[in-house]
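Please take a moment to look over the sequence and the model shown here before reading on. The paragraphs that follow lead from the whole chain to a single residue.

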Amino acid sequence: MVVMDAQNPLLGETTCGTLLQKLQEIWDEVGESDEERDKMLLQIEQECLDVYKRKVEQAAKSRAELLVTLSDAKLELSTLVSALGDKSFLGVDTVKASGTIKEQLAAIAPALEQLWKQKEERVKEFSDVQSQIQKICGEITGSANEQAGAPAVDESDLSLKKLNEYQVKLQELQKEKSDRLHKVLEFVGTVHDLCAVLGMDFFSTITEVHPSLDDKTCVQSKSISNDTLLRLAETVSALHEDKKQRIHKLQELATKLTDLWNLMDTPEEERRLFDHVTCNISASVDEVAVPGALALDLIEQAEVEVERLDQLKSSRMKELAFKRQVELEEIFAHAHIEIDPEAAREKIMALIDTGNVEPAELLADMDNQITKAKEEALSRKEILDRVEKWMSACEEESWLDDYNRDDNRYNASRGAHLNLKRAEKARILVNKIPGRTI
């Protein structure tokens, strides 16, 4: 009821003036002294000042907080613009420097939101590029399988220029990866070809270098590390060296086989069994490319055959030497040259048994003797032909003498006409003998 009375009927609300008027009325009615009234008014005034002071302090604090927020927003805006390198936001600070603090904050908020969104996208782009770079670097160093977290993105520089630098680096690494992969595949192909020629297991050889090099593994999953390339190069070098040694060994065996075959007059059908060995007798390292051409079992077969022929050589040499000796004796006999065949045979036996002469040298020496004997026989041929004719004429002369003494030579017996013809030819032949007539 008292409060309602204190209301200003014109304003329809309670004010400090109406309340003070009401308070004066109450004091008048109570009879408060002026001293007490002044004391109470001073107290009321002080309480009002305290309220205003608190409100001013609160307002000042709020303004300070808004100013800090505005300053932080401007700093954040500047930092984002600097980090992103986006020149289009450089004028925000000056354009919105006027107006109330809240107006300035309201103006900066959309720009900040847009820059934060742009920063998130840019950070993702940086992270993606740096992750790819980290992955390829890991593949090159051989640490791709090690647990490595996502690369740390330097958020102080998210400019397109910096992103482009990373992208250029990524392209260089991708090219290096492609070149390395090509080199790895080239090495793998070389190892495959060498293993095929050497008769070796390609799978175990290549997976010993790195398990990912198996043919069944995806091309992009093959190891391209420095260690893998080094080990591949070492493997290829070792296989090349092995190939050289095997070719040298095989060619030595092929030469021995050929010499033994020639020495022992081995038939062609037996030689053809080792065509796969002798076909490479003069081939270079690069020319031998047939799968299995240098397999160990093939070389072992050739070694066994050489050993067998070496063991057979001694007995076979006697047979060949005696065969040549027979040929030599026949030539001497036809040339009417006297030799001691028994002594010659004993000498051959002694040379072969003692091993004082190489079988090839012995046969070559005997071939040389045969050649000389043929030359000697040829030089005597004319004389021997005359002697043979003279001896034949003498035989006919003796037969003719016997024929002339035969009283029944003119009887019509069987074959008489043949004897008659022979007698006529004999008279002609005997008349040609010097110093004789019939």
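Two residues are said to be in contact when heavy atoms of theirs lie within 4.5 Å. With that word in hand, one can turn to the model, which is a predicted one.

The chain has 438 residues, and 30% of them count as buried. Its accessible surface amounts to about 29300 Å², and carbon and sulfur atoms contribute 53% of that area.

The average pLDDT is 81, and 77% of the residues score at least 70. Confidence is highest in helix H6 (residues 160-198), where the mean is 94, and lowest in helix H1 (residues 2-6), where the mean is 40. Over residues 1-11 the pLDDT is below 50, and this stretch has eight contacts in the model beyond near neighbours in sequence. Residues 90-95 also have a pLDDT under 50, and for them the model has five contacts beyond four places in sequence. Where pLDDT is low, the predicted coordinates should not be read in detail.

A UniProt annotation, from an unreviewed entry, marks residues 156-183 as a "coiled-coil region". In the model this span is 86% helix and 0% strand, and its end C-alpha atoms lie 39 Å apart.

Next comes a pair of helices. Helix H7 (residues 202-209) packs with helix H8 (residues 226-264) at an angle of about 140°, and their axes are 9 Å apart. This angle makes H7 oblique to H8, because only angles over 145 degrees count as roughly antiparallel. On the H7 side Thr205, Ile206, Glu208 and Val209 take part, and they meet Thr228, Arg231, Leu232 and Thr235 in H8.

Where in the chain does Thr235 sit, and is it buried or exposed? Thr235 belongs to helix H8, and its relative accessibility is 17%. Since buried means under 20% relative accessible area, Thr235 counts as buried. Leaving aside neighbours within four places in sequence, Thr235 is in contact with Val191, Thr205 and Val209; Thr205 and Val209 are among the H7 residues that meet H8.

Notes: Residues numbered from 1 in each chain as written. Predicted model: local features only at pLDDT ≥ 70, side-chain atom pairs only at ≥ 80, totals over all residues. Heavy atoms only, no water. Buried < 20%, exposed > 50% of the residue type's maximum accessible area, 1.4 Å probe, protein only. Areas by Shrake-Rupley, 256 points an atom, 1.4 Å probe, with all protein chains shown as cover. UniProt positions renumbered as here; feature names shortened; annotations may be inferred. Helix = DSSP H or I, 4+ residues; strand = E, 2+ residues; numbered from the N terminus. pLDDT = per-residue confidence, 0-100. Axes fitted to C-alpha atoms, helices over the stretch in contact; angles between N-to-C directions. Parallel < 35°, antiparallel > 145°, perpendicular 65-115°, else oblique.
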